[in-house]
Structure formats: C-alpha cells, structure tokens
Amino acid sequence: MMYIYGASGHAKVIIDILFTQNEGIRGIFDKNPEIKDILGLPVLGPLEDDFDFDAPTIIAIGSNIIRKNIAEKLASRTEFGNAVHHSAIISDMVSIEEGTVVMHGAILQANTFIGAHVIINTAASVDHDCDIENFAHIAPHSTLCGGVSIGEGTLVGAGATIIPGVKVGNWCTIGAGAVITKDVPDGATVVGFDRVIKR
C-alpha cells in the first residue's frame, strides 16, 4: 500500500504504474478542494499536519521545486516509495533512490545513479555511467548518452539529447528538442543547439 501526494495528471500515471505492480493505494492527498476523485479513487483533501502515515508515500507533482519542498516537509513523517513501470528496461547495475518514478518504456543502462524524487518519464533513455541528482526530471523521449551528469532539480525537456560526458548543472532547464554538446552551468536555460537564453 502507498499514499500519493498530489492529484494531477502526473498522479494518474503513477496510479497506473502502481496498479500494474499490484500495489494498493492507501490514500491520495491534494489541497485543491475541487478535486474529489482521480481515476475513480477518492481524494482525501489536504494533508493534515497531524496525519499519521502507516505506509510509504510518493509525491506525484511534476514541478521539481515543489516536489523538493514537499519532500523536505514530509521527510521526518513518512518513508518514500518508488514506482517503476514493468515495461521499463533497467540494468541490474542501476541504483535508484527513494521517491523516484520510472515510467513506461524508459531505459536505464549499467552503472547509472538515479537520485531521490527523480522523474524518468515515458520512453526516456539514460545510457551507461550517468548521474542524475535529486529532484531532476528527464522528460518523455529525451536521450542522455553515456557519462552524462544532471544536477539537482534540472529539467531535461521532451526529446532533448545530451551527448556523452556532458555535465548539466543544478536547477537548469533544457528545452524540448535541444541538443546539448557542452557543459551547462547552474541555473541556465538552454534551447535549440546549445543556445543559452538565461543564466
């Protein structure tokens, strides 16, 4: 059994993954009073400060910074679970930390480290020797070649490609479809072919 924090579209995918794992949903929390249910499951409303967790939790929120803030608030109150879709291809030599979600068709190759509360989205490809730090999001159909490093909180947009050995800093945004051929400093936004538009 598992709790889910958040009742957005991202939560729908996580619920689907948990169902394929035959994992029960203990309860779903969301502070939006207009959301009463999701995929036929009742939403319990906002999480109360005195709620006593009796099962692990997954934070089903796509925003990296919001996911980090919630994880830090809940860290002393609950354990965090993982959700990994059965269609994902994951080497036995991959290390995955707590709270991370690996979605349909993703590929994780040998000697790769995936931090806590990371999203490896649909059909993303992460090759050997990659290092993906906490709260990052590797969006659908993005490709990380061998030896790529992704910093904390960084978003790699849908369909982006990062060539071997590149280091992307903390809290960066890599635009959808971008091709990254050189290192990216902390906090940068990069689009197209290595075009930095914000630092």
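**Figure 1. Salt bridges in the predicted model.** Three salt bridges are counted in this structure, which is a predicted model. Side chains of opposite charge can pair when their charged atoms come close. In one of these pairs, aspartate 54 forms a salt bridge with arginine 26, and the closest N and O atoms of the two residues are 2.9 Å apart. Because aspartate 54 belongs to the loop between β4 and β5 while arginine 26 belongs to strand β2, the pair ties together parts that are 28 residues apart in sequence. Aspartate 54 has a relative accessible area of 48% and is therefore partly exposed, and arginine 26, with a relative accessibility of 41%, also counts as partly exposed.

**Figure 2. A network of salt bridges around lysine 68.** Salt bridges link Lys68, Glu72 and Glu152 in a network. Lysine 68 forms a salt bridge with glutamate 72, in which the closest N and O atoms are 3.9 Å apart; both residues lie in helix α2, where they are four residues apart, or about one turn of the helix. Lysine 68 also forms a salt bridge with glutamate 152, and here the closest N and O atoms are 2.7 Å apart. Because lysine 68 lies in helix α2 and glutamate 152 lies in the loop between β17 (149-150) and β18, this second pair ties together parts that are 84 residues apart in sequence. Is lysine 68 buried or exposed? Its relative accessibility is 18%, so lysine 68 counts as buried, whereas glutamate 72, with a relative accessible area of 52%, is exposed.

**Figure 3. Helix α2 and the elements that cover its buried residues.** Helix α2 spans residues 64-74, and its buried residues are Asn64, Arg67, Lys68, Ile70, Ala71 and Leu74. Which elements cover these buried residues of α2? The cover includes the strands β1, β5, β12 (119-120), β15 (137-138) and β18 (155-156).

**Figure 4. Isoleucine 65 and a nonpolar surface patch.** Isoleucine 65 has its place in helix α2, and because its relative accessibility is 42%, the residue counts as partly exposed. Together with Ile66 and Trp171, Ile65 makes a nonpolar surface patch of about 250 Å². Isoleucine 65 can also be compared in position with phenylalanine 135: the two residues are 70 residues apart in sequence and 7.5 Å apart in space, taken from C-alpha to C-alpha.

Figure 5. The structure contains six aromatic pairs. A pair of aromatic rings is described by the distance of the centres and the angle of the planes. Among the pairs is the edge-to-face one formed by tyrosine 3 and phenylalanine 53, whose rings are 5.5 Å apart from centre to centre, with 90° between the planes. This pair links distant parts of the chain, since tyrosine 3 sits in strand β1 (residues 2-5) and phenylalanine 53 in the loop between β4 (41-42) and β5 (57-59), 50 residues apart. Tyrosine 3, at 4% relative accessibility, counts as buried, and phenylalanine 53, at 12%, counts as buried too. Phenylalanine 29 and phenylalanine 51 form another edge-to-face pair, with 5.0 Å from centre to centre and 75° between the planes. Because phenylalanine 29 lies in strand β2 (residues 25-29) and phenylalanine 51 in the loop between β4 and β5, this pair ties together parts that are 22 residues apart in sequence. Phenylalanine 29 is buried, with a relative accessible area of 4%, whereas phenylalanine 51 is partly exposed, with a relative accessible area of 25%. Ring pairs link Tyr3, Phe29, Phe51 and Phe53 into a cluster.

**Figure 6. Cysteines without disulfides.** A disulfide is a covalent bond between the sulfur atoms of two cysteines. How many disulfides does the structure hold? The number is zero. Cysteine 145 is in no disulfide, and the nearest cysteine sulfur, which belongs to cysteine 130, is 8.0 Å away. Cysteine 172 is likewise in no disulfide, and for this residue the nearest cysteine sulfur, again that of cysteine 130, is 16 Å away. Two sulfur atoms would have to lie within 2.5 Å to count as a disulfide. Cysteine 145 has a relative accessible area of 23% and is therefore partly exposed, while cysteine 172, with a relative accessible area of 2%, is buried.

Definitions and conventions: Residues are numbered from 1 along each chain as its sequence is written. This is a predicted model: local features need pLDDT of at least 70, side-chain atom pairs count only at pLDDT 80 or more; totals for chains, interfaces and linings use all residues. Side-chain values use heavy atoms; hydrogens and water are left out. Patches are made of residues with over 30% relative accessible area and no salt bridge: like charges are joined within 9 Å, nonpolar side chains (Val, Leu, Ile, Met, Phe, Trp, Tyr) within 5 Å. Accessible areas come from the Shrake-Rupley method with a 1.4 Å probe; for residues, only the protein chains shown count as cover. A salt bridge is a side-chain nitrogen of Lys or Arg within 4 Å of a carboxyl oxygen of Asp or Glu. Helices (H or I, at least four residues) and strands (E, at least two) are DSSP runs, numbered from the N terminus. Buried means under 20% relative accessible area, exposed over 50%, partly exposed in between (1.4 Å probe, protein chains only). Rings of Phe, Tyr and Trp (its six-membered ring) pair if their centres lie within 6.5 Å; planes under 30 degrees apart count as stacked, over 60 as edge-to-face and the rest as tilted. Contact means heavy atoms within 4.5 Å.
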